[in-house]
Amino acid sequence: MAMGRARPRGAAGGGERVPLLPQVSRLVELPCASSDDDSDGAMDPPAPEPDPAEGCSVRRAPSAFSRCVRHLAFLWNLLFLLLGLLVLAMGVWGLLAKGSEAGMSSDPMLVLVLVGLSASTVSMTGCLGALRSSRCLLRCFVGAVLGLAGLEVLAAVLVLAARHRLRDELRDLLLLCLLRYPDEPDLRLLVDELQQGLRCCGLGSYRDWESNPYFNCSSAGAQACSVPASCCLQPWHNSSVVNALCAAGVLRLGDAAAGTVVFMEGCVAQLGAWLHGQAGAIVAGVAVLVLVEAFGALMAVKVLRDITAWG
């Protein structure tokens, strides 16, 4: 019976078991790569998430729109940089042309110097920030623009709130210009342009020039009892040269006779009427200025965000 039939494999009773097939090993996933799992994954532990510190992050390239905004911001600030330098050069030239430092602290040309210096400094900050992709310079530029816009809004609110007081201050300023007319070239130019442009003379009337020591009738000069040539109805001699003595002796005349030679209306009333008529244009100009500043600030913010995203 030793030569009996062999038992079939797998039958009960201590037979030899069929070895299990080895499981197919899973492919090791590369960092930041995704693949479909071939197995059911019921008993497999979840794969660990990739660590960004191991170089898995991909740097996003700037879009065409971002590059366009960056170049536009650079050109925008470059334009205002050139304008600011031009205004600064005009102010410096005006100061140097006088050849004297007397009264320089109250010189109107200092306004041009300060405006040109501020505009050129802020624009240069924005220019370099857009060119070199500097976060610090761009933040400084945005802060400066927002600060200037805030000062402009504050000035507009103060002008509206204190417009009646400003009218008195304007009258005092015109009186100062009238008293210092022959001594200050800038004030003389300002008064002449004001009187010719508004067709006015003096503060309330042409007789306000009697308070000036050069035009007073007690003066011994050639301009005694007269007013500036900018008060004349016809200040030109041969349509090309200003006749400085076109109003000689007009303060000795009556109002009827003086009205045929000089303007009778005062500049305070004429200036107030002009400002009231130009209120719409002034508001539109301020609005355009604010929009220009806001546009530059928005471009800088866009460039700053793109730099942060690229980095």
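Student: What should I know before reading the model?
Tutor: The model is predicted: local features need pLDDT of at least 70, side-chain atom pairs count only at pLDDT 80 or more, and totals for chains, interfaces and linings use all residues. Residues are numbered from 1 along each chain as its sequence is written, and side-chain values use heavy atoms, with hydrogens and water left out.

Student: How many disulfides are there?
Tutor: A disulfide is a pair of cysteine sulfur atoms within 2.5 Å. By this rule there are 4 disulfides. Number the bonded cysteines of the protein chain in sequence order, and the pairing reads 1-8, 2-5, 3-4, 6-7.

Student: Which cysteine is joined to cysteine 200?
Tutor: Its partner is cysteine 267, with an S to S distance of 2.1 Å. The torsion about the S-S bond is about 95°, so this disulfide is right-handed. The pair links distant parts of the chain, 67 residues apart. Cysteine 200 sits in the loop between α5 (185-198) and β1 (236-237), and cysteine 267 in helix α7 (residues 267-277). Helices (H or I, at least four residues) and strands (E, at least two) are DSSP runs, numbered from the N terminus.

Student: Are cysteine 200 and cysteine 267 buried or exposed?
Tutor: Check the relative accessible area: buried means under 20%, exposed over 50%, and partly exposed in between (1.4 Å probe, protein chains only). Both cysteine 200 and cysteine 267 are buried.

Student: What about cysteine 217 and cysteine 225?
Tutor: Their sulfur atoms lie 1.7 Å apart and form a disulfide. With a torsion of about 120° about the S-S bond, it is right-handed. Cysteine 217 is partly exposed, at 38% relative accessible area. Cysteine 225 counts as buried, at 1%.

Student: How far apart are the sulfur atoms of cysteine 232 and cysteine 246?
Tutor: The distance is 2.0 Å, and the two form a disulfide. Its torsion is about 95°, so it is right-handed. This pair also links distant parts of the chain, 14 residues apart. Cysteine 232 is in the loop between α5 and β1, while cysteine 246 is in the loop between β2 (241-242) and α6 (255-258). Cysteine 232 is buried at 1% relative accessibility, and cysteine 246 is buried at 17%.

Student: How do I read a helix pair?
Tutor: Two packed helices are described by the angle between their axes and the distance between the axes. Axes are lines fitted to C-alpha atoms, for helices over the stretch in contact, and angles run from 0 to 180 degrees between N-to-C directions. Here, the axes of α2 (residues 109-132) and α3 (residues 135-161) come within 8 Å and cross at roughly 145°.

Student: Which residues make the contact of α2 with α3?
Tutor: Contact means heavy atoms within 4.5 Å. Among them are Val122, Leu128 and Gly129 of α2, and Leu137, Phe141 and Leu148 of α3.

Student: Which residues have a positive phi without being glycine?
Tutor: One of them is serine 133, with phi of about 55°. Serine 133 lies in the loop between α2 and α3. At 25% relative accessibility, serine 133 is partly exposed. Cysteine 225 is another, with phi near 60°. Cysteine 225 is in the loop between α5 and β1.
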